Amino acid sequence: MRSYRSLFRTPEFTPFLLSFAAFAAAQTIGGLALGTLVFRATGSPFLSAVSMFGPQLAQLLGGAFLLSGADRLPPRTILSWLGLAFAAGTAVPALPGLPVGAVLAVVLLQGLVASLGGGVRGGLLNEILSKDGYVLGRSVYNMVWGLTQMAGFATGGVLLALLSPQTCLLLAAALHVLSALVARLGLTARPPRTSGRPSVSATWRTNAVLWSSRSRRLTYLGLWVPNGLIVGGDSLYVSYAPEAAGTLYACGALGMFVGDLAVGRLIPPAVRRRLATPLRLLLAVPYLFFVLRPSVALSAVAVTVASVGFAASLVLQERLMSLTPDELAGQALGLHATGMAALQGIGAVLAGTLAQFTSPAAAMTLMAAASVTVTLALAVPVRQGSAVQ
């Protein structure tokens with residue numbers, strides 16, 4: 001499957017994508033509103049970063065206890081209920097007078113529930129599309145994420161200039177409800193991919209199987225760590241440029257879109273397989289220039305160029321699927337999503353802590369340097385014969 005026409009003729013792909021687009025719009029508008037709300041209330045770069053990206057850290061617990069449900073529960077039902085749960089979790093922080101501690105507790109709980117979503121969506125996409133259509137479909141999925149982020153952060157920036165953060169959170173909650181409705185009405189009621197009831201023991205057993213392969217371990221580390229460090233630095237946009245954070249996030253989404261378009265549609269598979277390390281380096285190197293505290297315009301250029309490197313995830317996800325049995329695809333992709341989210345949450349906490357003691361610009365530079373170091377370290381076993389690339 002090498003054309004967008006054949007991709008969109010695939011049954012269920014369009015409603016699947018529309019449901020995800022509504023979810024992504026809710027996440028971007030709600031995340032920016034929440035980070036702004038916390039920063040205005042506390043003036044703390046650390047708490048602002050944690051409020052936006054800390055919930056992803058909670059997904060680590062979900063990955064340890066809930067992830068077996070990705071293959072053992074009916075996907076349409078789970079996506080519908082997750083949309084409603086996110087709507088409630090997004091609306092609660094908009095309550096007047098809610099303490100910052102309570103806000104953080106709610107969004108961390110939301111992150112715990114979210115751990116199931118990545119695996120369910122990833123496994124369902126793998127089921128909807130043929131094997132040769134997965135990379136193209138996943139690239140479109142990522143492009144929708146990028147486009148929605150651009151529109152969402154740009155719209156969120158405008159809305160925050162006109163409305164209160166609390167009102168923006170309620171708008172985001174409504175988008176989560178829309179996502180749930182589209183999933184319920186547009187997707188087929190499919191049975192679970194694997195028999196048995198979801199449980200903690202089943203989650204641990206399958207995670208152990210997935211982690212037992214050296215090739216899969218290196219692939220997971222390549223997906224998680226360089227990405228998580230850079231996203232941790234991204235969490236400081238609000239404190240680095242409070243009036244232009246929406247612009248920087250939108251530029252990052254634009255770079256992601258360009259990278260996913262190029263890697264998913266334009267670059268031949270034989271070339272694509274060799275791009276994991278170069279793309280991960282591209283993701284980090286432009287952020288090293290933040291040590292010079294560039295203007296907003298130059299920062300936007302650096303962010304756009306760097307974000308093309310997020311397309312490395314397409315290369316590595318294709319590799320992961322080639323190493324994983326079909327019946328474990330949901331949990332394998334769920335483990336990827338959970339680990340990536342957790343590392344992004346850890347990155348946000350680390351970046352926020354560094355910024356608290358130095359400055360947002362210095363912290364972003366240090367996170368980029370760490371990402372380059374990890375990418376080069378992971379490239380060593382590749383040169384020694386590993387097939388991570």
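This is a predicted model: local features need pLDDT of at least 70, side-chain atom pairs count only at pLDDT 80 or more; totals for chains, interfaces and linings use all residues.
In helix 9, the buried residues are A202, T203, T206, N207 and L210. Viewed along the axis of helix 9, these buried residues fall within an arc of 125°, so they line one face of the helix. An α-helix has 3.6 residues a turn, so residues three or four places apart point the same way. On the face of helix 9 turned away from the buried side, we find the exposed residues W204, R205 and S212.

As to its dimensions, helix 9 covers residues 200-212, which is 13 residues. From the first C-alpha to the last, helix 9 reaches 18 Å, close to the 18 Å expected at 1.5 Å a residue.

I turn now to the aromatic rings. A search of the whole structure finds 11 aromatic pairs. In one of them, the ring centres of F8 and F13 are 5.4 Å apart and the planes stand at 75°, so this pair is edge-to-face. F8 is partly exposed, with a relative accessible area of 40%, whereas F13 is buried, at 0%.

The rings of F23 and F86 have centres 5.3 Å apart and planes at 85°, so they too form an edge-to-face pair. F23 belongs to helix 2 (residues 13-42) and F86 to helix 5 (residues 75-91), so the pair ties together parts that are 63 residues apart in sequence. Both F23 and F86 are buried.

What lies over the face of F23? It is R121, at 4.3 Å from the ring centre. Finally, ring pairs link F23 and F86 with F16, F20 and Y141 into a cluster.

Notes
Residues are numbered from 1 along each chain as its sequence is written. Side-chain values use heavy atoms; hydrogens and water are left out. Rings of Phe, Tyr and Trp (its six-membered ring) pair if their centres lie within 6.5 Å; planes under 30 degrees apart count as stacked, over 60 as edge-to-face and the rest as tilted. Buried means under 20% relative accessible area, exposed over 50%, partly exposed in between (1.4 Å probe, protein chains only). Helices (H or I, at least four residues) and strands (E, at least two) are DSSP runs, numbered from the N terminus. A charge sits over a ring if NZ of Lys or CZ of Arg is within 6 Å of the ring centre and within 35 degrees of the ring normal. The expected span of a helix is 1.5 Å times one less than its number of residues. The arc is that of the directions from the helix axis to the C-beta atoms.
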